[in-house]
Amino acid sequence: MAAKLGVVVAVFVAVPLLLYQQFHAADQERRQLLLESLENQGRIVGESLRPSLQDYDGETLQGIADRLQRMAGTHGLKIKLLLRPDDNGSGDGFYYIASAPRVSTGYLKKERAELADTGVLRDVQSTCGGNRPLDVAYTNPAGKSEVLTSITPVRTEAGCWAVITSYGAGAPVAEALEQPYWQTPEVRIALAIYVVMAVLVLALMTGVYRSLRRFVHAARRIRRGGLAEGGPRFQAINRVPELDGVAAEFDRMVTTLNNAAHAMRRAAEDNTHAFKTPIATIAQAVEPLKRSVGDDQPRARRAVDLIERSVTRLDTLVAASRKLDEATAELMEAPRERIDLAALVTRLTDAYAETAADHGMHVERELQHGIHVAGSADMLESVLENLLDNGMDFSPRGGTLHVRLTGERRTAEISVADEGPGVDADRREQIFDRYVSTRVDADAEAAGDHHFGIGLWLVRRNVEALGGSVHAEANDPHGLKIRIRIPRVG
């Protein structure tokens, strides 16, 4: 969801950039076409005035002024007529001859000075040539903005004439030249619609993303709280209306798992009771047979011994089966609480110190304090007990069992290393499988035949249920080291 949200943000950012390039190029082309059109308009005005300008005798301007008035005024067009005489020494400047619409003489003088300041007369000044489009904004003497659109030079015997066309700021042509395309009402409306659409889509996706995150937190609370009755429920925790139906289904699933856990416990108890009764009966029946068989009947003696060992093994299997069922039910129901690993490891290793001494062994521990995890104390105790039992079973008399607890930023690690024969590299992953044991027959018989290869399987299952991992490796210089890594909480 986060990746999709990132893609949507990138698209919403990229689209305006791409459209800006296209719109900018189109606007430049439009402006160029408009300026060329205005240049042609200025040329037409200049050529239409040429006959009158050629007849100018230096005195009468009435005909020229009338022609200017007739041509000006269309769509806000203004025409300014200036002359640079050729017959006097001060002829390096232009004189304002006429204007349409008509203005006062003082206005003409001020406007002439302002036109000179814009620099638009510079090219005409020296050559009286170079008809060209303009796009020059300036403020006229009346304090209003105008846009000069073209300047057309006309050469006559009287001198060099400059015909300048312009439009007031309110004219459509002036607005088309001076107003950027992104300020037009159409573009602004389109931009507003785009922004609203982008905000709505991003708000929708962000809301979905946050809703899913809240649902994840709800699931985490359920997982940490376990399935105990009266514990948290999805519908009570969920704050996302769209996921209310999903939350209800999850609650039903949690209830089903809860019922399954209770059923497994009851079945384990019932099965154990059902199996124990005939086993106890067989064991009691074997006793008189054992006493009645003499040493002169070796075959009968072996048969009775075999029955007795089988009954013992069957009793152990029944106990192991109950333990497996209860452990499975515990995975479903065990609450997740904050556990101090150093205190837990200290308590368990202290409890095993006497057992280790009976085996002529020593338990050495190295613990880093202040490490906490979220889990079930019973599950973690089962993990450590099985690791310690496994290490003691394989360590030689006089050996040392090394227990180490360390923590990283996000994980806690517990390692238990023995000094036994170790396990071949190609079999280290198999020792965590169910009913897999590396003991040879002689070792199993010496141990009372009570080991069925479920201890390390329980270790892996419990650790993975807590969100961790387990790994076996060779211990230096000899033996086996088992590492478990569990997510750490602050």
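Select Val-423 to begin; Val-423 sits in the loop between E10 and H12 (441-446). Helices (H or I, at least four residues) and strands (E, at least two) are DSSP runs, numbered from the N terminus. The model is predicted, so local features need pLDDT of at least 70 and side-chain atom pairs count only at pLDDT 80 or more, whereas totals for chains, interfaces and linings use all residues. Residues are numbered from 1 along each chain as its sequence is written, and side-chain values use heavy atoms, with hydrogens and water left out.

Val-423 counts as buried because its relative accessibility is 15%; buried means under 20% relative accessible area, exposed over 50%, and partly exposed in between (1.4 Å probe, protein chains only).

Is Gly-420 buried or exposed? Gly-420 counts as buried, because its relative accessibility is 9%. Leaving out residues up to four places away in sequence, Gly-420 touches Phe-394, Ser-395, Pro-396, His-478 and Gly-479, where contact means heavy atoms within 4.5 Å. Asn-475 is 55 residues from Gly-420 in sequence and 9.2 Å from Gly-420 in space, C-alpha to C-alpha.

**Two cis peptide bonds**

Select Asp-476 and Pro-477, which are joined by a cis peptide bond with omega of about 5 degrees. Pro-477 lies in the loop between E11 and E12. Then move to Ala-100 and Pro-101, where a cis peptide bond has omega of about 0 degrees. Pro-101 is placed in the loop between strand E2 (95-100) and helix H3 (105-118). Most peptide bonds are trans.

Select residues 377-394 to display helix H11, whose 18 residues reach 26 Å from the first C-alpha to the last. This is close to the 26 Å expected at 1.5 Å a residue; the expected span of a helix is 1.5 Å times one less than its number of residues. Buried residues of H11 include Met-379, Leu-380, Leu-384, Leu-387 and Leu-388.

Within H11, select Leu-384. Leu-384 is buried, because its relative accessible area is 6%. Apart from neighbours within four places in sequence, Leu-384 is in contact with Leu-344, Val-345, Leu-348 and Ile-414. Leu-384 and Val-345 are 39 residues apart in sequence and 7.7 Å apart in space, C-alpha to C-alpha.

Now select Leu-387, which touches Val-416, Leu-456, Val-459, Ile-482 and Ile-484, not counting residues up to four places away in sequence.

Which residues have the most contacts inside the largest nonpolar core? They are Leu-341, Leu-380, Leu-387, Val-459, Ile-482 and Ile-484, in a core of 39 residues. The elements that give two or more residues to this core include helix H10 (341-358), H11, helix H13 (455-465) and strand E12 (480-489). A nonpolar core is a set of buried Ala, Val, Leu, Ile, Met, Phe, Trp, Tyr and Cys residues joined through side-chain atoms within 4.5 Å. A second, separate core has 25 residues, among them Leu-49, Ala-72, Ala-100 and Val-163.

**A cavity and a pocket**

Select Leu-387, Asn-390, Gly-391, Val-416, Asp-418, Leu-480 and Ile-482, which line the largest cavity. H11 and E12 are the elements that give two or more residues to this lining, and the largest share, three residues, comes from H11. About 30 Å³ of space lies in this cavity. On a 1 Å grid over the protein atoms alone, a cavity is a set of points where a 1.4 Å probe fits but cannot get out, and a pocket is an open set with protein on both sides within 12 Å along at least five of seven lines; lining residues have an atom within 4 Å of a point. Grid points are joined across faces, edges and corners, and a volume is the space filled by probe spheres set on the points.

For the second largest pocket, select its lining, including Pro-16, Tyr-20, Phe-23, Trp-182 and Tyr-194. This pocket has a volume of about 320 Å³. Helix H1 (2-54) and helix H6 (185-225) each supply at least two residues of its lining.

**Helix H8 and the whole chain**

Finally, select residues 244-292, helix H8, whose end C-alpha atoms are 72 Å apart, in agreement with the 72 Å span for 49 residues at 1.5 Å a residue. Buried residues of H8 include Ala-247, Asp-251, Val-254 and Ile-279. Across the protein there are 13 helices and 12 strands, and 37% of the 490 residues count as buried.
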